[in-house]
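Q: Could you take me through the place where the two chains meet, one step at a time? I would like the cut-offs spelled out along the way.

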Amino acid sequence: MGFRRELIAPLSKAVPAPIQFFEIAPENWLELGGASAATLRGFTERFPFVCHGLSLSLGGPGPLDTSLLKRIRSFMVAHGVGLYTEHLSWCADEHQLYDLLPIPMTGEAVKWVAQRIATAQDILGMRIGIENASTYFIPPGAEMSETEFIRAIVTEADCALHLDVNNLFVNSRNHGFDPVAFLKALPLERVCYVHVAGHHVEPDGLIIDTHGADVIDPVWALLDQAYAHINRDVPTCLERDFNFPALPELVGEVSRIEAAQGKAAARRERVAV
Amino acid sequence: MTHTPAFQAFQRAFAQHLRDPHHVKRPAGVPDRRAKVYQALLFNNLCGFIDRCFPVSRELIGPPRWARLCRTFYRDWPLSDPLPRHIPREFVAYLASGEIKQPLPAWLPELLHYEWAELAVDIMDVSLPAHNPDGDCLEGRPLINPASMMLAYVWPVHRISPDYRPRKAPATPTHLVVHRSPEGEVRFAQINAVTQRLLSLIAAGHTGRAALTALAAELSHPQHNKLIEYGGALLKDLSRQGVILGTAV
């Protein structure tokens with residue numbers, strides 16, 4: 001589950017069993033002192049954590065922030081974090097915009113992004129995962145589809161894929177494509193990590209990826225599909241960034257992930273027999 | 001000339017549009033409705049970080065003027081720090097830069113700084129050096145809490161409120177110390193100019209007695225012993241409040 005300040009109070013009393021690890025944005029926690037730092041330390045000593053970056057701007061036109069990468073590496077070492085993923089998007093030119101923007105899907109962009117991912121992997125000393133992002137339009141000049149773009153980058157950079165099932169669903173609605181066909185076209189053998197989350201639907205039907213609502217049934221169904229096609233166990237995180245319900249409700253969603261994983265594992269076993 | 005790939009030319013044009021959507025046209029190929037989604041997402045995200053840090057300032061100048069300030073901040077101020085928590089610090093620097101055309105109360109930059117200091121001390125990344133919490137602050141070298149900031153303002157920022165918007169700066173400046181308790185609680189204490197000077201002498205590594213002797217000389221104080229006696233009690237008090245941790249070991 002995403003580790004959020006709003007959830008620290010109930011989690012400090014007890015961490016419910018279905019939660020097996022937490023995810024944090026390193027940009028929100030690195031070089032932090034005081035009570036927040038002590039709290040985080042109390043959790044990272046007891047639970048595995050995953051880092052999911054926000055500000056690296058892998059697809060951005062400005063220089064790659066290698067200093068940030070070194071700071072993230074120190075943070076990960078200090079807290080024993082073994083996996084880092086970032087969005088396949090951009091959030092800065094020379095300066096920050098602090099939000100995720102769509103990359104024009106061109107051959108030149110593939111080379112540019114892949115080379116930056118490779119640099120990030122060198123600095124972090126590990127393979128990283130890149131996440132399919134939610135987008136609200138397809139930038140002009142696209143020379144390939146999103147699945148082709150993702151596959152080309154993952155292959156060229158030799159990195160892993162962080163599959164966000166909600167983002168896939170959001171894009172399938174906003175851009176009008178079949179989510180299962182899209183899923184099957186992804187390099188699923190490279191998936192290292194999965195996200196599920198809720199979203200918001202605007203009055204005109206446009207879906208905004210807010211992480212502020214419960215996960216909807218079609219996204220749960222897509223998660224089942226994803227597990228079936230990935231065909232092995234993958235750690236999965238429930239993202240919730242605001243509009244928090246009581247902890248037991250979120251834990252209910254985490255249990256649902258666990259159940260979906262169990263179902264997929266049972267199916268694999270039946271096939272193996 | 002280096003070649004700018006088309007995809008990057010698009011990105012730069014879109015970034016400029018998002019920083020100033022009312023004046024910079026969106027690039028060709030971006031649908032209006034979808035551009036507006038990004039405009040709102042980015043601006044609201046930025047304002048979220050700013051609004052949370054400065055509730056008093058925002059209330060005092062009112063949400064419409066506040067939003068205009070945030071808008072020009074996003075457009076004009078180079079934000080190079082990748083950590084979103086540093087956005088408020090940059091906002092303080094922007095207000096202090098004097099580059100803003102919008103007329104604003106003279107005390108606003110200081111009030112913003114004061115509001116930011118609370119957040120800054122709350123999350124300050126410091127480790128506590130070895131110290132004796134019961135040490136003698138007069139004979140030993142008092143250790144100032146590293147999770148603290150000494151603040152000096154022209155305006156009485158801690159008193160400014162909807163009912164008190166000063167038009168003229170008072171004759172004497174306002175000195176405050178903001179510090180974090182071992183339990184992580186942020187506290188403010190008002191001090192005077194002499195105490196502030198004493199704390200800066202102590203920060204330079206003097207013993208309490210040496211700092212007070214130097215201070216007595218600076219002030220040409222007629223009764224050094226009286227000042228040292230008074231100063232010793234003051235140091236004890238600052239120690240009790242947590243501004244001073246104890247003495248260095």
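A: Happy to! A polar contact here is a pair of N or O atoms within 3.5 Å; within protein, one must be able to donate a hydrogen and the other to accept it, and residues adjacent in sequence count only if both atoms are side-chain atoms. Between chain B and chain A, 18 residue pairs are in polar contact, with both residues at pLDDT 80 or more. Helix 1 (6–19), helix 2 (32–53) and helix 6 (108–123) of chain B each supply at least two residues of the side that touches chain A; helices (H or I, at least four residues) and strands (E, at least two) are DSSP runs, numbered from the N terminus. Helix 1 of chain B gives the most, with eleven residues. The residues on this side of chain B divide into 24 nonpolar, eight polar and nine charged, where Ala, Val, Leu, Ile, Met, Phe, Trp, Tyr, Cys and Pro count as nonpolar, Asp, Glu, Lys and Arg as charged, and the others, Gly among them, as polar.

A word on the basis: this is a predicted model, where local features need pLDDT of at least 70, side-chain atom pairs count only at pLDDT 80 or more, and totals for chains, interfaces and linings use all residues. Residues are numbered from 1 along each chain as its sequence is written, chains are lettered from A and ligands numbered from 1 in the order in which they are written, and side-chain values use heavy atoms, with hydrogens and water left out.

In terms of extent, 41 residues of chain B are in contact with 46 residues of chain A, contact meaning heavy atoms within 4.5 Å. The area buried between the two chains is about 3,700 Å², and carbon and sulfur atoms give 58% of that; buried area is the accessible area (1.4 Å probe) that two parts lose on being put together, summed over both.

Now for the charged pairs. Four salt bridges are counted between chain B and chain A, each a side-chain nitrogen of Lys or Arg within 4 Å of a carboxyl oxygen of Asp or Glu. Over all chains, the structure holds 22 salt bridges. One salt bridge joins the side chains of Glu94(A) and Arg12(B), at 2.5 Å from N to O. Another joins Arg33(B) and Glu202(A), at 3.2 Å from N to O. That pair crosses between chains, from helix 2 of chain B, which holds Arg33(B), to the loop between strand 9 (200–201) and strand 10 (207–208) of chain A, which holds Glu202(A).
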